[in-house]
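Work through the exercises below with the model open. Try each task before reading its solution.

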Amino acid sequence: MRYGYIGLGNLGGHLAASLLRAGLPVVVHDKDRRLADRLIAQGAEWADSPADLAAQVDHVATCLPSPAVSELVLRQILPAMKPGATWIENSTLGRDDVVRLGTLAGAAG
C-alpha cells in the first residue's frame, strides 16, 4: 500500500512524516516544492501534480488551507485515482464542506 500526501504545511508535513516513520511508502506534493525537501530526505517520493500523485498511490491524504483549495485538489485527483483508492481529508473544514466534498467524491465512484 502506497500513501500520497498533498499539503505539507504545519500539520500536513508532520502527518506525512509520521507515515514515513512508520515505514510506509509515501509520495508527496505541495504547491511549494521546498516544503517537500525534508520529507524527500526521509524517503518520500515527489509527484509533480496532485493528479500525478493520485495515479501512483492507494490512499490520498489531503491537508489544505481552505474549502476552495480542497475542492480544487479533489477535482484534480478524482479522475486519476485507482479503482478502490481512498481519499483521506485532513483539512480543517466545516461539516457542510465535508458533506459537499464527500458527495463529489461519491459521485465519482
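## Exercises on salt bridges and pockets

Asp58 is partly exposed, with 23% relative accessible area. The model is a predicted one.

**Exercise 1. Find the salt-bridge partner of Asp58 and say which parts of the chain the pair links.**

Step 1. The partner is Lys82: the closest N and O atoms are 3.8 Å apart. The cut-off for a salt bridge is 4 Å, so the pair qualifies.

Step 2. Lys82 sits in the loop between H4 and strand S5 (86-89), and Asp58 in the loop between helix H3 (50-56) and strand S4 (59-62). They are 24 residues apart, so the bridge links distant parts of the chain.

Step 3. Check the accessibility of Lys82. Its relative value is 34%, which counts as partly exposed.

**Exercise 2. Classify Asp32 and Arg34 as buried, partly exposed or exposed.**

Step 1. The side chains of Asp32 and Arg34 meet in a salt bridge, 3.0 Å from N to O.

Step 2. Asp32 has a relative accessible area of 24%. Buried would need a value under 20%, so partly exposed is the class.

Step 3. Arg34 reaches 65%. Exposed means over 50%, so Arg34 is exposed.

**Exercise 3. Describe the lining of the largest pocket.**

Step 1. The volume of the largest pocket is about 330 Å³.

Step 2. Its lining has 18 residues; Asp30, Lys31, Leu64, Pro65 and Val69 lie nearest the centre.

Step 3. Helix H1 (10-21) and helix H4 (67-77) each give two or more residues to this lining. H4 gives the most, with four.

Step 4. Sort by class: ten nonpolar, six polar and two charged residues.

**Exercise 4. Which residues line the second largest pocket, and what classes do they fall into?**

Step 1. The space in this pocket is about 200 Å³.

Step 2. The lining includes Leu78, Met81, Lys82, Trp87 and Gly109.

Step 3. By class, seven lining residues are nonpolar, three polar and one charged.

Conventions. Residues numbered from 1 in each chain as written. Predicted model: local features only at pLDDT ≥ 70, side-chain atom pairs only at ≥ 80, totals over all residues. Heavy atoms only, no water. 1 Å grid on protein atoms, 1.4 Å probe; cavity = no way out; pocket = protein on both sides within 12 Å on 5 of 7 lines; lining within 4 Å. Points joined across faces, edges and corners; volume = space filled by probe spheres on them. Nonpolar A, V, L, I, M, F, W, Y, C, P; charged D, E, K, R; others polar. Buried < 20%, exposed > 50% of the residue type's maximum accessible area, 1.4 Å probe, protein only.
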